[in-house]
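Reader: Could you take me through one part of this model up close, the place where the two chains meet? I'd like the strand pairing, then whatever surrounds it.

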Number of protein chains: 2
Amino acid sequence: MTYVSVSRLRVPAERADELITAFRARVGLVDGFEGFQDLEVWQNDRDPGELTMVSRWRDRDCFKAYMKSREHQVSHDRIAPDLDAAIKLEKLEHLHVVAQ
Amino acid sequence: MTYVSVSRLRVPAERADELITAFRARVGLVDGFEGFQDLEVWQNDRDPGELTMVSRWRDRDCFKAYMKSREHQVSHDRIAPDLDAAIKLEKLEHLHVVAQ
């Protein structure tokens, strides 16, 4: 079944809008990638500096291939260095959809 | 933007399949509910007793109305009491989609 990658990111609350804007402006290099289904970014209502990036894939191998790709590198490199430095990856989870 | 409710559930690992089966057999009373978009259950690849129930709604008020509804009560009451007693709600999160 569908593989889900969940990255829990933390930024200072006052920089959350900047990170959200960067996500909204993403070039979408991932969208055409083999096995990619969709990507969303969620903001915690009670903790605005906590942003959760959720991507869904046909299987985990597709996700791993993307993570090693030039497209991922290019996408990541578009984040301004000082914003990038302010982002902490708190948690990275690997899950599968088991029911709908 | 879309409201997301995330419930982190824990069951003893040996009962995970039972809970997944119950989710798969759900009667779908939520599906026609005002503002409901979709529902998924995710299992953590590295911690099979951790199940995450993710539902997406037009807005938080729709979710709150559902939680108070007879349909929610009926859905919940279908879970076998001894399975229900084995489920711990570890975390309940309220989020909004901010980018796609």
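Author: Strand 2 (residues 36-44) of chain A pairs with strand 4 of chain B, antiparallel, over four bridges. Strands here are DSSP runs of E, at least two residues, and helices are runs of H or I, at least four, all numbered from the N terminus; two strands pair if DSSP finds at least two bridges between them. In that pairing, Asn44(A) sits opposite Leu95(B).

A word on the source: this is a predicted model, where local features need pLDDT of at least 70 and side-chain atom pairs count only at pLDDT 80 or more, while totals for chains, interfaces and linings use all residues. Residues are numbered from 1 along each chain as its sequence is written, chains are lettered from A and ligands numbered from 1 in the order in which they are written, and side-chain values use heavy atoms, with hydrogens and water left out.

Now zoom out to the whole interface. In contact terms (heavy atoms within 4.5 Å), 32 residues of chain B meet 32 residues of chain A. Together the chains bury about 2600 Å², 47% of it on carbon and sulfur atoms; that is the accessible area (1.4 Å probe) the two parts lose on being put together, summed over both. On the chain B side, Glu40(B), Trp42(B) and Val98(B) lose the most area, together 24% of what that side buries.

There are also four salt bridges across the interface, counted when a side-chain nitrogen of Lys or Arg is within 4 Å of a carboxyl oxygen of Asp or Glu. One of them links Arg8(A) to Glu93(B), with the closest N and O atoms 3.1 Å apart. As for which elements of chain B touch chain A, those giving two or more residues are strand 1, helix 1 (16-24), strand 2, strand 3 and strand 4 (88-99). Strand 4 of chain B gives the most, with eight residues.

Trp42(B) also has a place within its own chain: its bridge partner in strand 3 of chain B is Thr52(B). Strand 2 (residues 36-44) of chain B and strand 3 of chain B run antiparallel, joined by eight bridges, and they form a hairpin with two residues between them. Eight of the 11 residues of strand 3 (residues 47-57) of chain B are buried, so the rest of the structure largely encloses it; buried means under 20% relative accessible area, exposed over 50%, partly exposed in between (1.4 Å probe, protein chains only).
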